[in-house]
Amino acid sequence: MNISALLTSAGINIAVCVVLLFLYSILRKQPSNFSLYFGRKLAKVNPTRDHHVRLQRFVPSPSWIVKAWEISEAEILATAGVDAVVFLRIVVFSLRIFAVAAFVGIFLVLPVNYYGQEIHHHKHIPRESLEVFSIGNVKQGSKWFWAHCLALYITSLTACLLLYFEYKSIAAMRLEHIRTSPPNPGHFSVLVRAIPWKPDESYSDTVKKFFTKYHGSSYLGHQMVYHRGTIQKLMAETEKVCKMLRSNNVGHGKNMVESALPAGPSGTLRILSSEPESIKRKPPFPDVRTASSVKEVAAAFVFFKTRYAADVAAKVLLSANPMSWVTNYAPEPHDVYWRNLSIRYRLLWLRKIASLVAVIVFMFLFLIPVTFVQGLTQLDQLHHTFPFLRGLFKKKYMSQLVTGYLPSVILLLFLYAVPPTMMLLAVIEGCISRTGKKKSACRKVLYFLIWNVFFVNVLSGSVISQIDALSSLKEMPTQLARAIPTQATFFMTYVLTSGWASLSSELMQPMLLIWNVFRRGVLRQKDDLCAVSFPYHTEVPKLLLFGFIGFTFSVLAPLILPLLLVYFFLGYLVYRNQILNVYITKYESGGQLWPTVHNTTVFSLVFMQIISLFVFGLKQSKTAWVFMIPLVIFTLLFNEYCRQRFHPIFKNTPAELLIEMDQEDEKSEKIEAFHQNLEMAYCQITLKSPDPQKSADLSHPIPSDKDLEDSTALNPPALAQQNPTEN
């Protein structure tokens, strides 16, 4: 591929980005799209919608860019939480490190690559092949490889320095978030699974006797987990009764809280009084007859009087049999994934193995579209495979379109199926929380992208050549060293299509936009779209993949670095806008994604160094080869230091911090009221009220699976009257 083909791909993607950005600046002003582009604000306020046609609505404006740029990190932290700040830190870190790498690569490495051999260069640079800008153009044994070695040292040391300060800052932010957060039910609770079955007593009695005996001084109470099928049946009956009561105006205008509680073995329903005091102190299952009508599972949330007691119970081995009385930190009530709590603990290891096998099978099945995509980049192979298209390929713009733009677009379309598949496998794996489910899916998507998008594309040509490459593992580094520089052109176009264009698509939300138009225009539905949480499991792997590509080609083909800088700068604006206006925060992990980001970045650095080391070996530059070995060792030692220094903070909460918070609670009178409402926090049945202000008086909302899906609609009371486009 030559420069003109790359410019063709860049021109197409720039045009697509500009059109989508102009459309977004217009569509966001339309009242019918407020729920699509201002989901976060609609979750807090009920805006007035001016349906009068005004010229201002149809004039593009860059106001959203200014607002996204001006807002401070402190405001984002207060609005969207620690996870959102950590995500944006990934973008900022990438901008900083690749700005340094681009400066060094363009002004130091690129001239060495271009003049690496005494060949005739075209007077018109667009006619030049992209290979002359890569390290492959440098002749063997050249003395100029010191420039590549110096660039590697500058990039690696800068990356390590930035990683250290980011890790330190985010660890401190996490601890401050825990210290300043109000009492959280998850801090006082432990999830206990694999409760032993005794024929003469229920699971609930077994839990009570065990923790009263062994943790009597700190044990507060417990809430059993019930079989999901029974709960869903009760919820369905509740909805029917509530609809009937509303239609018949039951209560003659009195304020009532409608709740589905089984009144006996028949599973019938009754209505509770709406008095908040009676609700807050009402146990989820009032009597023994009620409890016997609902099937318990071998899992329970156990509550303790202090955070430290809960932390100790979650860490220690409670039983001589490690397969019984298994404890985990309890997720936040809104973070619990109730569906997986009924899974038997003894089956979890089988589910994890099955999930791993499914991921591997899916990776190998994806070889088919990847091989097809790589075939499109080889014009000679296309002439041989499709001889009837030779006339079409003789047209210059068609050959540039097919080899420069089409492959990455096709690959991008296939990749849309990856995140939903990995999310499904994370559910099968048995994750107990929604953040855990997203973390598991995030790692799976990341491994999938690095393997299929990078390694398979580099080694591809045909399925047979890939199998040969995999069968000769000893030759794998050498094959990668030969193949990676030649694939720089494909990854440049991939950054343009999957990077630039996908960010514009993220801003526009085209699928949701089409669905919104269809439901309003065809189905005549006037209610707002559901507010959704941020898709960390799709966006974090995407950022890390581009970082991996950038590090790998930073000295091999530095022409890719300016394209990545544009991507990360545009992503900085787009993601800030989406976090502030579109996505809501339903649960918080306290920045637990950063260790994955750190480890992936270090892996990218080490991989860059090792590939460069083998390239120097192929180019017969012994001096550069020798100087690379200390850099690899230093990077590995740096990673080990960070793992020992910072990673434990993300796995456990320091005991001294928990004890200090417990001591502050002892001085406060509110902790007693918090303890009284603790058991209701993890109830699976939702209490609903026709009056949102009444239901807001409950100390802890009681979530269910249906209420907590990522597509759940939020219908808050009208707190203010304003137009979301004005803020």
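**A pocket and a sheet, with reasons**

Tutor: Welcome! In this predicted model, the second largest pocket holds about 1,200 Å³ of space.

Student: Which residues lie nearest the centre of that pocket?

Tutor: Tyr416, Glu506, Pro535, Thr538 and Glu539 do, out of 32 lining residues. Elements giving two or more residues to this lining include α18 (406–415), α20 (434–459) and α25 (536–552).

Student: What makes Tyr416 a lining residue?

Tutor: A lining residue has an atom within 4 Å of a pocket point. Tyr416 is among the residues that line the second largest pocket, so Tyr416 meets that cut-off.

Student: How does the lining divide into nonpolar, polar and charged residues?

Tutor: There are 17 nonpolar, eight polar and seven charged residues. Tyr and Pro count as nonpolar and Glu as charged.

Student: Now the sheet. Why are β1 and β3 called paired?

Tutor: Pairing needs at least two bridges. Strand β1 (residues 189–193) and strand β3 (residues 296–304) have five bridges, in the antiparallel sense, so they count as paired.

Student: What makes β2 and β4 edge strands?

Tutor: The open sheet has the order β2-β3-β1-β4. Strands β2 (219–226) and β4 (326–329) each pair on one side only. Neighbouring strands are turned by 30° against each other on average, direction ignored.

Student: Which helices lie across β1 and β3?

Tutor: Helix α12 (residues 307–315) lies across β1, β3 and β4, at about 130° to β4. Helix α31 (residues 670–678) lies across β1, β2 and β3, running at about 175° to β3.

Definitions and conventions
Residues are numbered from 1 along each chain as its sequence is written. This is a predicted model: local features need pLDDT of at least 70, side-chain atom pairs count only at pLDDT 80 or more; totals for chains, interfaces and linings use all residues. Side-chain values use heavy atoms; hydrogens and water are left out. Helices (H or I, at least four residues) and strands (E, at least two) are DSSP runs, numbered from the N terminus. Axes are lines fitted to C-alpha atoms, for helices over the stretch in contact, and angles run from 0 to 180 degrees between N-to-C directions. Contact means heavy atoms within 4.5 Å. On a 1 Å grid over the protein atoms alone, a cavity is a set of points where a 1.4 Å probe fits but cannot get out, and a pocket is an open set with protein on both sides within 12 Å along at least five of seven lines; lining residues have an atom within 4 Å of a point. Grid points are joined across faces, edges and corners, and a volume is the space filled by probe spheres set on the points.
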